[in-house]
Amino acid sequence: IDCTVANEEQIAFMRNFHPRLEATFEIAEPTQLAWSFAPDADAGLYAEMEKFFAQIEEDGTLDRLLERFYGHNERIMPFDAAAFLSKTNILLPRYRHLFEEAASLTGIEWQLLAAMAYRESHWNPLATSYTKVRGMMMLTEDTADRMKVSNRLDARESIVAGARYFQLLKEQLPLRIDEPDRTWFALAAYNQGMGHLEDARKLAQRHGLDADSWMDVQRVMPKLRNPAVAKTLKHGYARGGEAVVFVETVRLYHDMLKRISHNEYKQLLPP
């Protein structure tokens, strides 16, 4: 279609699929989202609604919902989104069966594993960084040894090992941490190590925040690179801000892959 009417959040998300999408002009003044009730609605229902919103604002539930569904929509630039979509069409079909195999072994969505791999290596099985992490899932030597990987540059070995390692990280987290925070914490640990994640959770407690909430922990994680803070923590200095960016970009790539694969499924359905 040539044009449509959409709100800010819809445009922000769809720009990831259509990098040249432009919001040409605003058709109205900004407004707040609201619940509406008929003029003759039960006054008791309206009172319960006010009580409900007061409660979720006070206990942080509203902020967590906003973070869960909208906190990562604008993490990547348009040219990054275009590159991702291009490689989704060109490279991903070559490796998708390996992500699906790893998903069947671990129970982790193949789209999430593929999103992690893209963030790590752009689906390049021969990728190598200056820190000597290598392969599709950018495994360290220690992690590769732990997961019994013989060749980090073998795409299948790397993907299966990365999935199993991610699964182990999720299992190490306290049982009281629910989804989706559990997955987001495990992603941060995959990027920075469980020790630095635990330091960030303890730092969150020091600031009176919820150490079991990713929304709260991500606020303090960048402080791990502050030398004055790092020396007070068990595992010391870490580039905590990079872990936050890693989690947000993986979440976005994951959402994009789920939408793409859902649309593929819909195309297979009979009319």
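Analyst: A charge is taken to sit over a ring if NZ of Lys or CZ of Arg is within 6 Å of the ring centre and within 35 degrees of the ring normal. Arg251 lies over the face of Trp184, at 3.8 Å from the ring centre. A second case is Arg201, whose charged end sits over the ring of Phe185, 5.9 Å from the centre.

The mean pLDDT of the protein chain is 88, and 92% of the residues reach 70 or more. Confidence is lowest in helix H3 (residues 61-70), with a mean of 72, and highest in H8, with a mean of 97. Where pLDDT is low, the predicted coordinates should not be read in detail.

The setting is helical: the protein chain has 13 helices and 0 strands. Its C-alpha atoms fill a box of roughly 70 × 55 × 35 Å along the principal axes. Of the 271 residues in the chain, 42% are buried. Among contacts between residues at least 6 apart in sequence, 55% join residues at least 24 apart.

Next come the pairs of rings. A pair of aromatic rings is described by the distance of the centres and the angle of the planes. Rings of Phe, Tyr and Trp pair if their centres lie within 6.5 Å, and by this rule the count comes to 12 aromatic pairs. In one of them, Phe37 and Tyr46, the centres are 5.5 Å apart and the planes stand at 75°, so the pair is edge-to-face; the cut-off for that class is over 60 degrees. Phe37 is partly exposed, with a relative accessible area of 28%. Tyr46 also counts as partly exposed, at 40% relative accessibility.

The pair of Tyr165 and Tyr190 is tilted, with 5.7 Å from centre to centre and 50° between the planes. Tyr165 lies in helix H8 (residues 155-172) and Tyr190 in helix H9 (residues 181-192), so the pair ties together parts that are 25 residues apart in sequence. Both Tyr165 and Tyr190 are buried.

Phe166 is also placed in helix H8. At 0% relative accessibility, Phe166 counts as buried. Leaving aside neighbours within four places in sequence, Phe166 is in contact with Ile108, Leu112, Met116, Thr183, Ala186, Leu187 and Tyr190. By contrast, Phe166 and Tyr237 are 71 residues apart in sequence and 23 Å apart in space, from C-alpha to C-alpha.

His196 is found in helix H10 (residues 194-206) and is buried, with a relative accessible area of 17%; the cut-off for buried is under 20%.

The loop between H8 and H9 has a feature of its own. Pro180 is found in this loop, and the peptide bond from Glu179 to Pro180 is cis, with omega near 0°.

Ring pairs also link Phe84, Tyr118, Trp123 and Tyr253 into a cluster. Trp123 lies in the loop between H6 and H7, where, at 1% relative accessibility, Trp123 counts as buried. The phi angle of Trp123 is near 60°, a positive value in a residue other than glycine. His122 likewise has a positive phi, of about 55°, although it is not a glycine. His122 is found in the loop between helix H6 (110-121) and helix H7 (141-146). His122 is partly exposed, with a relative accessible area of 38%, whereas Trp123 is buried.

Helix H4 (residues 78-90) and helix H5 (residues 92-106) pack at an angle of about 75°, with their axes 6 Å apart. H4 and H5 are therefore roughly perpendicular to each other, a class that covers 65 to 115 degrees. The contact is made by Lys87, Thr88, Asn89 and Ile90 of H4 together with Leu92, Pro93 and Arg94 of H5.

Notes: Residues are numbered from 1 along each chain as its sequence is written. This is a predicted model: local features need pLDDT of at least 70, side-chain atom pairs count only at pLDDT 80 or more; totals for chains, interfaces and linings use all residues. Side-chain values use heavy atoms; hydrogens and water are left out. Rings of Phe, Tyr and Trp (its six-membered ring) pair if their centres lie within 6.5 Å; planes under 30 degrees apart count as stacked, over 60 as edge-to-face and the rest as tilted. Buried means under 20% relative accessible area, exposed over 50%, partly exposed in between (1.4 Å probe, protein chains only). Helices (H or I, at least four residues) and strands (E, at least two) are DSSP runs, numbered from the N terminus. pLDDT is the predictor's confidence in each residue, from 0 to 100. Axes are lines fitted to C-alpha atoms, for helices over the stretch in contact, and angles run from 0 to 180 degrees between N-to-C directions. Angles under 35 degrees count as roughly parallel, over 145 as roughly antiparallel, 65 to 115 as roughly perpendicular and the rest as oblique. Contact means heavy atoms within 4.5 Å.
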